[in-house]
Amino acid sequence: MAIHLPRIISSKKVPKGYFAVYVGENQKRFVIPVSFLNQPLFQDLLGMSEDEFGYTHPTGGLRIPCNEDIFVDVTSRLN
């Protein structure tokens, strides 16, 4: 069974109004809407990132330290 998340897109180029995050052990890339930044659930993920990595992300992208399945579950609630 596939999960369809219309607001999370996969792209090498990040369209206006979106930003890229890297999730999980394999650093899978997700491109998500900037509007997620205002959501308390997503802010919890950002807090986890701050606790784990601080404000330095050597890969150049924002890393979220959680399982990909958890990330997909959280972001699907925001749609």
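Residues are numbered from 1 along each chain as its sequence is written. Because the model is predicted, local features need pLDDT of at least 70 and side-chain atom pairs count only at pLDDT 80 or more, while totals for chains, interfaces and linings use all residues, and side-chain values use heavy atoms, with hydrogens and water left out.

Of the 79 residues of the chain, 32% count as buried; here buried means under 20% relative accessible area, exposed means over 50%, and partly exposed lies in between (1.4 Å probe, protein chains only). Among contacts in the chain with a separation of 6 or more, 45% come from residues 24 or more positions apart, a contact being heavy atoms within 4.5 Å.

Helix H1 comes next. H1 has 14 residues and spans 20 Å from its first C-alpha to its last, close to the 20 Å expected at 1.5 Å a residue; the expected span is 1.5 Å times one less than the number of residues. Its buried residues are Phe 42, Leu 45 and Ser 49. Seen down the axis of H1, these buried residues fall within an arc of 55 degrees, so they line one face of the helix; the arc is that of the directions from the helix axis to the C-beta atoms. The face turned away from this buried side carries the exposed residues Pro 40, Asp 44 and Asp 51. The cover over the buried residues of H1 includes strand E1 (18-23), strand E2 (28-33), strand E3 (62-64) and H2. Just after H1, Gly 54 takes a positive phi of about 70 degrees.

Helix H2 can be read in a similar way. Phe 71, Val 72, Val 74, Thr 75 and Leu 78 are buried in H2. They cover an arc of only 165 degrees around the axis, which puts them on the same side of H2. Asp 69 and Arg 77 are exposed on the other side. The buried residues of H2 pack against E1, E2, H1 and E3.

How do the helices meet? Two packed helices are described by the angle between their axes and the distance between the axes. The axes of H1 (residues 40-53) and H2 (residues 68-78) come within 9 Å and cross at roughly 150 degrees. That makes H1 roughly antiparallel to H2, since angles under 35 degrees count as roughly parallel, over 145 as roughly antiparallel, 65 to 115 as roughly perpendicular and the rest as oblique. The axes are lines fitted to C-alpha atoms, for helices over the stretch in contact, and angles run from 0 to 180 degrees between N-to-C directions. At this contact, Leu 41, Phe 42 and Leu 45 in H1 meet Phe 71, Val 74, Arg 77 and Leu 78 in H2. The residues of the contact divide into six nonpolar, no polar and one charged, with Ala, Val, Leu, Ile, Met, Phe, Trp, Tyr, Cys and Pro counted as nonpolar, Asp, Glu, Lys and Arg as charged, and the others, Gly among them, as polar.

Finally, Gln 27 lies in the loop between E1 and E2 and is partly exposed, with a relative accessible area of 28%.

Conventions. Helix = DSSP H or I, 4+ residues; strand = E, 2+ residues; numbered from the N terminus.
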